[in-house]
Amino acid sequence: MIFLIKSHWQRIRQKSASILYLPTLRLVPLVHYFLFLIYHQFHIFYKYPESKVFLFSLGHQVLLLFFLSVLFIPKLLYSAWFWGGITAYYWILLIDNWFIVNNHEILAGYWQLLFFASFFISPQKRAIFLKTHSKFLIGLIFLFSIIQKTISPDFLSGNVLHKLLLSWESYLFLDIFLPFDYVGLVQENLQNMFFSDQQFLPRQLNQGPPILKTIAKFMSLGAYVLELSITIIFLLPKKYAFKHAQHWVLLLFIVSTYFPLRITGFMYILTVMGLAQTQANQRLIRTMYLGVLTVYICFDVLIF
Amino acid sequence: MNFKITKKRFLLAFYGGVVGVFLIHLVLTLVSNVSPWGGGGFGMFSYSFGSSTIAHIHLKKEDAVFCLNEKTLKKFSRNKIMYSHSTHQINKQVQKITALSTHKYAKKIVEQWFSYRWLYNPQEKLYFIQEKDVAIPSGVTDVDFDSIQVVIYDQWSKKETFSVEVKK
(Lines give C-alpha, C1' and ligand atoms only; values in the text may rest on other atoms or scores of the structure.)
Protein backbone atom coordinates (compact mmCIF):
# COMPACT_ATOMS: atom_id res chain seq x y z
CA MET A 1 0.00 0.00 0.00
CA ILE A 2 2.73 2.43 1.08
CA PHE A 3 4.78 1.40 -1.97
CA LEU A 4 1.85 2.09 -4.24
CA ILE A 5 1.30 5.53 -2.67
CA LYS A 6 5.04 6.32 -2.96
CA SER A 7 5.24 5.28 -6.59
CA HIS A 8 2.19 7.31 -7.53
CA TRP A 9 2.85 10.19 -5.15
CA GLN A 10 3.54 12.73 -7.86
CA ARG A 11 0.33 11.86 -9.70
CA ILE A 12 -1.71 11.89 -6.48
CA ARG A 13 -0.30 15.32 -5.65
CA GLN A 14 -1.15 16.71 -9.06
CA LYS A 15 -4.68 15.27 -8.99
CA SER A 16 -5.40 16.48 -5.47
CA ALA A 17 -4.01 19.92 -6.30
CA SER A 18 -6.27 20.13 -9.33
CA ILE A 19 -9.26 19.25 -7.14
CA LEU A 20 -8.33 22.00 -4.69
CA TYR A 21 -8.28 24.59 -7.45
CA LEU A 22 -11.64 23.62 -8.93
CA PRO A 23 -14.23 26.39 -9.04
CA THR A 24 -16.86 26.02 -6.30
CA LEU A 25 -19.53 25.11 -8.83
CA ARG A 26 -17.40 22.18 -9.99
CA LEU A 27 -16.07 21.04 -6.62
CA VAL A 28 -19.32 21.05 -4.64
CA PRO A 29 -21.35 18.77 -6.98
CA LEU A 30 -18.36 16.43 -7.20
CA VAL A 31 -17.92 16.04 -3.45
CA HIS A 32 -21.68 16.04 -2.87
CA TYR A 33 -22.12 13.26 -5.43
CA PHE A 34 -19.28 11.23 -3.95
CA LEU A 35 -20.67 11.49 -0.42
CA PHE A 36 -24.19 10.81 -1.65
CA LEU A 37 -22.86 7.71 -3.34
CA ILE A 38 -20.93 6.33 -0.40
CA TYR A 39 -23.35 7.34 2.33
CA HIS A 40 -26.87 8.33 1.33
CA GLN A 41 -27.18 5.69 -1.32
CA PHE A 42 -26.61 2.92 1.12
CA HIS A 43 -28.22 4.41 4.16
CA ILE A 44 -31.13 6.69 3.38
CA PHE A 45 -32.49 5.19 0.23
CA TYR A 46 -32.36 1.71 1.68
CA LYS A 47 -33.53 2.59 5.13
CA TYR A 48 -37.05 3.92 4.78
CA PRO A 49 -38.60 2.97 1.51
CA GLU A 50 -39.35 -0.64 2.07
CA SER A 51 -43.12 -0.33 2.34
CA LYS A 52 -43.57 1.24 -1.05
CA VAL A 53 -43.33 -1.70 -3.33
CA PHE A 54 -43.21 0.14 -6.60
CA LEU A 55 -41.98 3.61 -5.86
CA PHE A 56 -39.30 2.63 -3.44
CA SER A 57 -38.27 -0.74 -4.69
CA LEU A 58 -38.46 -0.75 -8.46
CA GLY A 59 -38.19 3.02 -8.33
CA HIS A 60 -35.15 2.65 -6.20
CA GLN A 61 -33.39 0.49 -8.76
CA VAL A 62 -34.23 2.97 -11.48
CA LEU A 63 -32.87 5.74 -9.29
CA LEU A 64 -29.73 3.78 -8.65
CA LEU A 65 -29.12 3.39 -12.39
CA PHE A 66 -29.93 7.07 -12.90
CA PHE A 67 -27.53 7.97 -10.12
CA LEU A 68 -24.73 5.75 -11.39
CA SER A 69 -25.14 7.06 -14.94
CA VAL A 70 -22.96 9.99 -13.86
CA LEU A 71 -19.99 7.64 -13.88
CA PHE A 72 -20.47 7.19 -17.63
CA ILE A 73 -21.78 10.67 -18.45
CA PRO A 74 -19.89 13.02 -16.10
CA LYS A 75 -21.65 16.02 -17.62
CA LEU A 76 -24.80 14.99 -15.76
CA LEU A 77 -23.13 16.04 -12.54
CA TYR A 78 -23.59 19.66 -13.52
CA SER A 79 -27.09 19.26 -14.89
CA ALA A 80 -30.23 20.66 -13.29
CA TRP A 81 -32.17 17.65 -14.62
CA PHE A 82 -29.97 15.22 -12.76
CA TRP A 83 -30.10 17.03 -9.43
CA GLY A 84 -33.78 17.84 -9.95
CA GLY A 85 -34.55 14.12 -10.22
CA ILE A 86 -32.49 13.27 -7.15
CA THR A 87 -34.01 16.15 -5.17
CA ALA A 88 -37.58 15.21 -6.11
CA TYR A 89 -37.06 11.58 -5.14
CA TYR A 90 -35.33 12.55 -1.91
CA TRP A 91 -38.15 14.89 -0.94
CA ILE A 92 -40.88 12.34 -1.61
CA LEU A 93 -38.97 10.08 0.73
CA LEU A 94 -38.56 12.78 3.38
CA ILE A 95 -42.18 13.94 3.32
CA ASP A 96 -43.48 10.40 3.48
CA ASN A 97 -41.38 9.56 6.52
CA TRP A 98 -41.04 13.00 8.06
CA PHE A 99 -41.44 12.22 11.75
CA ILE A 100 -39.09 9.29 11.75
CA VAL A 101 -36.42 10.76 9.51
CA ASN A 102 -33.15 11.69 11.20
CA ASN A 103 -32.31 15.35 11.43
CA HIS A 104 -29.20 15.16 9.28
CA GLU A 105 -31.28 13.66 6.50
CA ILE A 106 -33.66 16.58 6.71
CA LEU A 107 -30.72 18.98 6.62
CA ALA A 108 -29.50 17.10 3.54
CA GLY A 109 -32.96 17.62 2.04
CA TYR A 110 -32.82 21.36 2.71
CA TRP A 111 -29.35 21.56 1.21
CA GLN A 112 -30.44 19.48 -1.75
CA LEU A 113 -33.28 21.91 -2.42
CA LEU A 114 -30.99 24.94 -2.18
CA PHE A 115 -28.47 23.27 -4.44
CA PHE A 116 -31.14 22.47 -7.04
CA ALA A 117 -32.54 26.01 -6.82
CA SER A 118 -29.06 27.38 -7.50
CA PHE A 119 -29.29 26.03 -11.08
CA PHE A 120 -31.91 28.71 -11.75
CA ILE A 121 -29.61 31.51 -10.62
CA SER A 122 -27.51 33.28 -13.24
CA PRO A 123 -24.08 31.55 -13.56
CA GLN A 124 -22.23 34.62 -12.24
CA LYS A 125 -24.26 34.70 -9.04
CA ARG A 126 -24.62 30.96 -8.45
CA ALA A 127 -21.49 30.51 -6.34
CA ILE A 128 -22.44 33.51 -4.18
CA PHE A 129 -25.96 32.12 -3.78
CA LEU A 130 -24.60 28.79 -2.57
CA LYS A 131 -22.06 30.46 -0.30
CA THR A 132 -24.58 32.82 1.29
CA HIS A 133 -27.35 30.30 1.81
CA SER A 134 -25.24 27.38 2.95
CA LYS A 135 -23.78 29.68 5.60
CA PHE A 136 -27.20 30.96 6.67
CA LEU A 137 -28.70 27.47 6.72
CA ILE A 138 -25.91 26.15 8.95
CA GLY A 139 -26.42 29.12 11.28
CA LEU A 140 -30.15 28.47 11.39
CA ILE A 141 -29.96 24.77 12.20
CA PHE A 142 -27.40 25.40 14.91
CA LEU A 143 -29.75 28.04 16.30
CA PHE A 144 -32.51 25.41 16.44
CA SER A 145 -30.13 23.01 18.13
CA ILE A 146 -29.15 25.63 20.71
CA ILE A 147 -32.82 26.43 21.44
CA GLN A 148 -33.53 22.70 21.98
CA LYS A 149 -30.47 22.29 24.19
CA THR A 150 -31.37 25.39 26.23
CA ILE A 151 -34.96 24.39 26.97
CA SER A 152 -34.15 20.73 27.54
CA PRO A 153 -33.74 19.83 31.22
CA ASP A 154 -31.43 17.01 30.16
CA PHE A 155 -28.62 18.63 28.21
CA LEU A 156 -26.89 21.31 30.28
CA SER A 157 -27.40 19.23 33.41
CA GLY A 158 -25.24 16.60 31.74
CA ASN A 159 -27.94 13.89 31.84
CA VAL A 160 -27.83 13.08 28.14
CA LEU A 161 -24.09 12.74 27.92
CA HIS A 162 -23.89 10.95 31.26
CA LYS A 163 -26.28 8.27 30.03
CA LEU A 164 -24.43 8.04 26.75
CA LEU A 165 -21.09 7.81 28.54
CA LEU A 166 -22.48 4.95 30.61
CA SER A 167 -23.80 2.94 27.73
CA TRP A 168 -22.41 4.02 24.38
CA GLU A 169 -19.42 2.34 22.84
CA SER A 170 -18.43 5.47 20.91
CA TYR A 171 -16.83 6.94 24.02
CA LEU A 172 -14.63 3.96 24.85
CA PHE A 173 -11.56 5.93 23.78
CA LEU A 174 -11.97 7.92 27.03
CA ASP A 175 -10.68 4.88 28.90
CA ILE A 176 -7.12 6.12 28.26
CA PHE A 177 -7.77 9.26 30.29
CA LEU A 178 -9.96 7.89 33.07
CA PRO A 179 -8.56 6.57 36.37
CA PHE A 180 -10.95 3.59 36.51
CA ASP A 181 -12.03 0.68 34.31
CA TYR A 182 -14.31 2.63 31.99
CA VAL A 183 -14.54 -0.11 29.36
CA GLY A 184 -15.63 -2.57 32.05
CA LEU A 185 -18.31 -0.15 33.25
CA VAL A 186 -19.77 0.28 29.76
CA GLN A 187 -19.70 -3.46 29.12
CA GLU A 188 -21.44 -4.09 32.43
CA ASN A 189 -24.14 -1.54 31.59
CA LEU A 190 -24.66 -2.94 28.11
CA GLN A 191 -25.11 -6.38 29.61
CA ASN A 192 -27.52 -4.99 32.23
CA MET A 193 -29.54 -3.26 29.55
CA PHE A 194 -29.74 -6.42 27.50
CA PHE A 195 -30.81 -8.41 30.55
CA SER A 196 -33.42 -5.80 31.58
CA ASP A 197 -34.91 -5.73 28.11
CA GLN A 198 -35.10 -9.49 28.00
CA GLN A 199 -36.69 -9.75 31.43
CA PHE A 200 -39.07 -6.84 30.96
CA LEU A 201 -37.49 -4.82 33.74
CA PRO A 202 -36.65 -1.12 33.86
CA ARG A 203 -33.05 -0.52 32.87
CA GLN A 204 -30.72 -0.12 35.80
CA LEU A 205 -27.37 1.42 34.95
CA ASN A 206 -24.28 1.35 37.09
CA GLN A 207 -23.70 5.09 37.44
CA GLY A 208 -19.95 4.74 37.83
CA PRO A 209 -17.85 7.16 39.88
CA PRO A 210 -19.16 10.74 40.31
CA ILE A 211 -16.34 12.08 38.14
CA LEU A 212 -18.17 10.68 35.11
CA LYS A 213 -21.13 12.97 35.72
CA THR A 214 -18.76 15.92 36.11
CA ILE A 215 -17.07 15.01 32.82
CA ALA A 216 -20.50 14.75 31.17
CA LYS A 217 -21.44 18.22 32.44
CA PHE A 218 -18.16 19.65 31.25
CA MET A 219 -18.48 18.03 27.83
CA SER A 220 -22.08 19.25 27.52
CA LEU A 221 -21.04 22.77 28.33
CA GLY A 222 -18.19 22.60 25.82
CA ALA A 223 -20.51 21.35 23.06
CA TYR A 224 -23.04 24.05 23.96
CA VAL A 225 -20.44 26.85 23.77
CA LEU A 226 -19.11 25.52 20.48
CA GLU A 227 -22.58 25.28 18.94
CA LEU A 228 -23.46 28.75 20.22
CA SER A 229 -20.25 30.11 18.64
CA ILE A 230 -21.21 28.51 15.32
CA THR A 231 -24.69 30.01 15.54
CA ILE A 232 -23.36 33.50 16.20
CA ILE A 233 -20.55 33.37 13.64
CA PHE A 234 -22.73 31.92 10.87
CA LEU A 235 -25.67 34.23 11.47
CA LEU A 236 -23.57 37.35 12.01
CA PRO A 237 -23.90 39.90 9.17
CA LYS A 238 -20.91 39.94 6.85
CA LYS A 239 -19.55 43.28 8.07
CA TYR A 240 -19.13 41.95 11.63
CA ALA A 241 -17.75 38.56 10.66
CA PHE A 242 -14.14 37.57 11.29
CA LYS A 243 -12.39 36.50 8.16
CA HIS A 244 -12.65 32.72 7.63
CA ALA A 245 -13.72 32.27 11.25
CA GLN A 246 -16.74 30.24 10.21
CA HIS A 247 -14.56 27.61 8.56
CA TRP A 248 -12.27 27.11 11.51
CA VAL A 249 -15.04 26.92 14.06
CA LEU A 250 -17.01 24.50 11.86
CA LEU A 251 -13.95 22.32 11.33
CA LEU A 252 -13.26 22.36 15.08
CA PHE A 253 -16.82 21.25 15.73
CA ILE A 254 -16.65 18.49 13.12
CA VAL A 255 -13.35 17.14 14.40
CA SER A 256 -14.18 17.40 18.10
CA THR A 257 -17.73 16.09 17.90
CA TYR A 258 -18.34 13.98 14.84
CA PHE A 259 -14.98 12.22 14.80
CA PRO A 260 -15.19 10.62 18.25
CA LEU A 261 -18.93 9.99 18.03
CA ARG A 262 -18.80 8.90 14.39
CA ILE A 263 -21.89 10.84 13.34
CA THR A 264 -21.37 10.31 9.64
CA GLY A 265 -24.45 11.94 8.10
CA PHE A 266 -24.06 15.35 9.75
CA MET A 267 -20.33 15.26 9.20
CA TYR A 268 -20.71 14.72 5.46
CA ILE A 269 -23.43 17.25 4.86
CA LEU A 270 -21.76 19.98 6.95
CA THR A 271 -18.47 19.40 5.11
CA VAL A 272 -20.16 19.84 1.73
CA MET A 273 -21.93 22.96 2.96
CA GLY A 274 -18.64 24.25 4.36
CA LEU A 275 -16.92 23.61 1.02
CA ALA A 276 -19.70 25.53 -0.74
CA GLN A 277 -18.51 28.59 1.18
CA THR A 278 -14.95 28.38 -0.12
CA GLN A 279 -13.36 29.75 -3.25
CA ALA A 280 -10.68 28.27 -5.49
CA ASN A 281 -8.02 30.51 -3.92
CA GLN A 282 -8.77 29.33 -0.36
CA ARG A 283 -6.50 26.35 -0.72
CA LEU A 284 -5.71 25.85 2.95
CA ILE A 285 -9.34 25.78 4.02
CA ARG A 286 -10.27 23.43 1.20
CA THR A 287 -7.36 21.18 2.12
CA MET A 288 -8.63 21.13 5.69
CA TYR A 289 -12.19 20.19 4.70
CA LEU A 290 -11.09 17.53 2.21
CA GLY A 291 -8.38 16.27 4.56
CA VAL A 292 -10.84 15.92 7.43
CA LEU A 293 -13.21 14.13 5.10
CA THR A 294 -10.53 11.76 3.81
CA VAL A 295 -9.27 10.92 7.30
CA TYR A 296 -12.84 10.30 8.50
CA ILE A 297 -13.66 8.03 5.55
CA CYS A 298 -10.40 6.13 6.04
CA PHE A 299 -11.15 5.60 9.75
CA ASP A 300 -14.80 4.83 9.21
CA VAL A 301 -14.51 2.52 6.24
CA LEU A 302 -11.08 0.97 6.69
CA ILE A 303 -10.67 0.72 10.44
CA PHE A 304 -14.11 0.44 12.12
CA MET B 1 -42.70 36.99 -13.93
CA ASN B 2 -39.76 38.95 -12.64
CA PHE B 3 -36.95 36.50 -11.83
CA LYS B 4 -35.86 38.44 -8.75
CA ILE B 5 -39.34 38.17 -7.29
CA THR B 6 -39.35 34.44 -7.98
CA LYS B 7 -36.01 34.04 -6.19
CA LYS B 8 -37.27 36.10 -3.27
CA ARG B 9 -40.44 34.06 -3.09
CA PHE B 10 -38.52 30.82 -3.18
CA LEU B 11 -36.21 31.93 -0.38
CA LEU B 12 -39.14 33.20 1.67
CA ALA B 13 -40.98 29.90 1.21
CA PHE B 14 -37.81 27.91 1.86
CA TYR B 15 -36.77 29.60 5.09
CA GLY B 16 -40.41 29.92 6.14
CA GLY B 17 -40.66 26.15 5.72
CA VAL B 18 -37.46 25.46 7.63
CA VAL B 19 -38.52 27.65 10.56
CA GLY B 20 -42.12 26.40 10.35
CA VAL B 21 -41.05 22.77 10.54
CA PHE B 22 -38.84 23.58 13.52
CA LEU B 23 -41.65 25.39 15.37
CA ILE B 24 -44.23 22.69 14.67
CA HIS B 25 -41.80 20.02 15.77
CA LEU B 26 -40.86 21.96 18.89
CA VAL B 27 -44.51 22.34 19.91
CA LEU B 28 -45.21 18.67 19.20
CA THR B 29 -42.27 17.55 21.30
CA LEU B 30 -43.53 19.71 24.17
CA VAL B 31 -47.21 18.73 24.06
CA SER B 32 -47.01 15.14 22.85
CA ASN B 33 -44.54 12.32 22.72
CA VAL B 34 -43.06 13.18 19.36
CA SER B 35 -39.38 12.43 19.42
CA PRO B 36 -37.06 15.44 19.59
CA TRP B 37 -34.36 13.36 17.93
CA GLY B 38 -35.74 13.59 14.40
CA GLY B 39 -38.21 15.38 12.20
CA GLY B 40 -36.29 18.60 11.56
CA GLY B 41 -36.44 19.94 15.11
CA PHE B 42 -32.65 19.48 15.36
CA GLY B 43 -32.93 18.36 18.95
CA MET B 44 -30.80 15.22 18.70
CA PHE B 45 -28.63 14.66 21.76
CA SER B 46 -30.65 17.33 23.61
CA TYR B 47 -32.96 14.95 25.39
CA SER B 48 -32.26 11.70 27.14
CA PHE B 49 -35.41 10.07 25.82
CA GLY B 50 -36.69 9.32 22.40
CA SER B 51 -33.95 7.66 20.42
CA SER B 52 -35.13 4.08 20.47
CA THR B 53 -38.15 2.17 21.62
CA ILE B 54 -38.82 -1.22 23.05
CA ALA B 55 -42.27 -2.73 23.11
CA HIS B 56 -43.98 -5.78 24.50
CA ILE B 57 -47.31 -7.08 23.35
CA HIS B 58 -49.13 -9.08 25.98
CA LEU B 59 -52.09 -11.34 25.70
CA LYS B 60 -53.76 -11.27 29.13
CA LYS B 61 -56.37 -13.27 30.94
CA GLU B 62 -56.82 -12.64 34.64
CA ASP B 63 -53.38 -13.26 36.10
CA ALA B 64 -52.00 -15.08 33.09
CA VAL B 65 -49.82 -13.13 30.67
CA PHE B 66 -48.39 -14.28 27.39
CA CYS B 67 -45.82 -12.17 25.64
CA LEU B 68 -45.82 -12.43 21.87
CA ASN B 69 -42.80 -14.01 20.35
CA GLU B 70 -41.73 -10.93 18.44
CA LYS B 71 -38.10 -10.03 18.42
CA THR B 72 -36.97 -7.85 15.62
CA LEU B 73 -39.64 -5.61 14.26
CA LYS B 74 -37.79 -2.58 13.00
CA LYS B 75 -39.96 -0.62 10.60
CA PHE B 76 -43.34 0.93 10.74
CA SER B 77 -45.34 3.43 8.83
CA ARG B 78 -48.15 5.84 9.55
CA ASN B 79 -50.99 3.54 8.81
CA LYS B 80 -49.57 0.15 8.22
CA ILE B 81 -46.85 -2.16 9.26
CA MET B 82 -43.97 -1.63 6.91
CA TYR B 83 -42.57 -4.43 4.90
CA SER B 84 -38.91 -5.07 5.46
CA HIS B 85 -36.57 -7.97 5.68
CA SER B 86 -37.63 -8.33 9.27
CA THR B 87 -41.22 -7.18 9.00
CA HIS B 88 -42.45 -10.42 7.57
CA GLN B 89 -41.96 -11.67 11.08
CA ILE B 90 -44.63 -9.37 12.45
CA ASN B 91 -46.89 -10.30 9.58
CA LYS B 92 -46.32 -13.90 10.45
CA GLN B 93 -47.05 -13.04 14.05
CA VAL B 94 -50.27 -11.33 13.11
CA GLN B 95 -51.21 -14.39 11.12
CA LYS B 96 -50.42 -16.51 14.13
CA ILE B 97 -52.85 -14.42 16.12
CA THR B 98 -55.27 -14.80 13.26
CA ALA B 99 -55.32 -18.48 14.02
CA LEU B 100 -56.73 -17.70 17.42
CA SER B 101 -60.44 -17.23 17.93
CA THR B 102 -60.08 -13.56 18.78
CA HIS B 103 -57.66 -12.81 16.00
CA LYS B 104 -59.22 -9.66 14.71
CA TYR B 105 -58.85 -7.89 18.05
CA ALA B 106 -55.22 -8.80 18.37
CA LYS B 107 -54.59 -7.65 14.85
CA LYS B 108 -56.57 -4.51 15.44
CA ILE B 109 -54.59 -3.44 18.46
CA VAL B 110 -51.26 -3.95 16.76
CA GLU B 111 -52.43 -1.98 13.74
CA GLN B 112 -54.11 0.64 15.89
CA TRP B 113 -50.96 1.17 17.81
CA PHE B 114 -49.00 1.64 14.64
CA SER B 115 -51.67 3.85 13.13
CA TYR B 116 -51.11 6.72 15.51
CA ARG B 117 -47.54 5.99 16.27
CA TRP B 118 -46.45 8.65 13.80
CA LEU B 119 -47.70 11.16 16.34
CA TYR B 120 -46.95 9.05 19.35
CA ASN B 121 -43.29 8.94 20.09
CA PRO B 122 -42.33 7.93 16.58
CA GLN B 123 -38.94 6.38 16.45
CA GLU B 124 -36.71 4.95 13.89
CA LYS B 125 -35.99 1.97 16.01
CA LEU B 126 -38.60 -0.20 17.55
CA TYR B 127 -37.75 -3.48 19.17
CA PHE B 128 -40.28 -6.06 20.19
CA ILE B 129 -38.77 -8.06 22.94
CA GLN B 130 -40.21 -11.16 24.43
CA GLU B 131 -40.19 -11.90 28.12
CA LYS B 132 -38.87 -15.41 28.30
CA ASP B 133 -40.82 -16.30 31.45
CA VAL B 134 -44.17 -15.61 29.85
CA ALA B 135 -43.51 -16.64 26.28
CA ILE B 136 -46.09 -18.70 24.50
CA PRO B 137 -44.74 -22.24 24.81
CA SER B 138 -43.63 -23.81 21.59
CA GLY B 139 -46.26 -25.97 19.97
CA VAL B 140 -49.13 -24.00 21.51
CA THR B 141 -51.38 -22.68 18.80
CA ASP B 142 -54.27 -21.39 20.84
CA VAL B 143 -54.15 -18.94 23.70
CA ASP B 144 -57.20 -17.76 25.53
CA PHE B 145 -57.03 -14.10 26.46
CA ASP B 146 -59.42 -11.29 27.17
CA SER B 147 -57.24 -8.24 26.72
CA ILE B 148 -54.23 -7.21 24.72
CA GLN B 149 -51.74 -4.96 26.35
CA VAL B 150 -49.01 -2.98 24.64
CA VAL B 151 -46.18 -1.76 26.84
CA ILE B 152 -43.72 0.69 25.39
CA TYR B 153 -40.36 1.61 26.81
CA ASP B 154 -38.22 4.29 25.37
CA GLN B 155 -34.47 4.14 25.57
CA TRP B 156 -34.43 5.14 29.21
CA SER B 157 -37.40 3.24 30.54
CA LYS B 158 -40.05 5.89 30.19
CA LYS B 159 -43.01 3.56 30.25
CA GLU B 160 -46.27 3.86 28.45
CA THR B 161 -48.96 1.20 28.62
CA PHE B 162 -52.32 0.77 27.05
CA SER B 163 -54.62 -2.14 26.54
CA VAL B 164 -57.74 -3.08 24.68
CA GLU B 165 -60.40 -5.38 26.03
CA VAL B 166 -61.40 -8.15 23.72
CA LYS B 167 -65.11 -8.34 23.15
CA LYS B 168 -66.35 -11.90 23.33
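For these notes, helices are DSSP runs of H or I with at least four residues, and strands are DSSP runs of E with at least two, both numbered from the N terminus. I keep in mind throughout that this is a predicted model.

**Entry 1: the two chains**

I began with chain B, in which I counted three helices and five strands. Of the 168 residues in chain B, 36% are buried. I then looked up how far along the sequence its contacts reach, and found that, among contacts between residues at least 6 apart, 58% join residues at least 24 apart.

Chain A gave me another list, with 13 helices and zero strands, so its pattern along the sequence is simply α-α-α-α-α-α-α-α-α-α-α-α-α. Buried residues account for 36% of the 304 residues in chain A. For the contacts in chain A with a separation of 6 or more, I noted that 62% are between residues 24 or more positions apart.

**Entry 2: H6 and H7 of chain A**

Next I took up helix H6 (residues 103–117) and helix H7 (residues 123–151) of chain A, which pack at an angle of about 160° with their axes 11 Å apart. Angles over 145 degrees count as roughly antiparallel, and H6(A) and H7(A) are therefore roughly antiparallel to each other. I recorded the crossing of H6(A) past H7(A) as right-handed. On the H6(A) side I found A:Leu107, A:Tyr110, A:Trp111 and A:Leu114, and these meet A:His133, A:Ser134, A:Leu137 and A:Ile141 in H7(A). Sorting the residues of this contact by class, I have six nonpolar, two polar and no charged.

In the loop between H6 and H7 of chain A I looked up A:Phe120, which counts as partly exposed because it has 13 C-beta neighbours inside 10 Å. I also checked A:Phe120 against A:Ala108, which lies 12 residues away along the chain, and their C-alpha atoms are separated by 19 Å.

**Entry 3: H10 of chain A and its partners**

I followed H7(A) on to helix H10 (residues 210–235) of chain A, where the two pack at an angle of about 145° and their axes are 8 Å apart. Here I noted a left-handed crossing. From H7(A) the contact draws on A:Lys135, A:Ile138, A:Gly139, A:Phe142, A:Leu143, A:Ser145, A:Ile146 and A:Lys149, while H10(A) brings A:Tyr224, A:Glu227, A:Leu228, A:Ile230, A:Thr231, A:Phe234 and A:Leu235. By class, I have nine nonpolar, three polar and three charged residues for the contact of H7(A) with H10(A).

H10(A) also packs with H8(A), at an angle of about 125° and with the axes 8 Å apart, which makes H8(A) oblique to H10(A). The crossing of H8(A) past H10(A) is right-handed. I listed A:Leu161, A:His162 and A:Leu165 from H8(A), and A:Leu212, A:Lys213, A:Ala216, A:Met219 and A:Ser220 from H10(A), as the residues that make this contact. In the contact of H8(A) with H10(A) there are five nonpolar residues, two polar and one charged.

I then asked how many of the nine residues of helix H8 (residues 159–167) of chain A are buried. Eight of the nine are, so this helix is largely enclosed by the rest of the structure. The buried residues of H8(A) are A:Asn159, A:Val160, A:Leu161, A:His162, A:Lys163, A:Leu165, A:Leu166 and A:Ser167.

Helix H11 (residues 245–261) of chain A has 17 residues, and from its first C-alpha to its last I noted a reach of 24 Å, close to the 24 Å expected at 1.5 Å a residue. Its buried residues are A:Gln246, A:His247, A:Leu250 and A:Ile254.

After H11(A) comes A:Arg262, in the loop between H11 and helix H12 (264–275) of chain A. Most residues other than glycine have a negative phi. A:Arg262, although not a glycine, has a positive phi of about 55°, and with 13 other C-beta atoms within 10 Å it is partly exposed.

I looked up one such residue in chain B as well, B:Phe42, whose phi is positive and near 50°. Its place is in the loop between helix H1 (3–31) and strand E1 (53–61) of chain B. Is B:Phe42 buried or exposed? I have B:Phe42 down as buried, because 29 C-beta neighbours lie inside 10 Å.

Conventions. Residues are numbered from 1 along each chain as its sequence is written. Chains are lettered from A and ligands numbered from 1 in the order in which they are written. This is a predicted model: local features need pLDDT of at least 70, side-chain atom pairs count only at pLDDT 80 or more; totals for chains, interfaces and linings use all residues. A residue is buried if 20 or more other C-beta atoms lie within 10 Å of its own, exposed if 12 or fewer, and partly exposed in between; C-beta atoms are placed from the backbone. Two residues are in contact if their C-beta atoms, placed from the backbone, lie within 7 Å. The expected span of a helix is 1.5 Å times one less than its number of residues. Axes are lines fitted to C-alpha atoms, for helices over the stretch in contact, and angles run from 0 to 180 degrees between N-to-C directions. Angles under 35 degrees count as roughly parallel, over 145 as roughly antiparallel, 65 to 115 as roughly perpendicular and the rest as oblique. A crossing is left-handed if the near helix is turned anticlockwise from the far one by less than a right angle, and right-handed if clockwise. Ala, Val, Leu, Ile, Met, Phe, Trp, Tyr, Cys and Pro count as nonpolar, Asp, Glu, Lys and Arg as charged, and the others, Gly among them, as polar.
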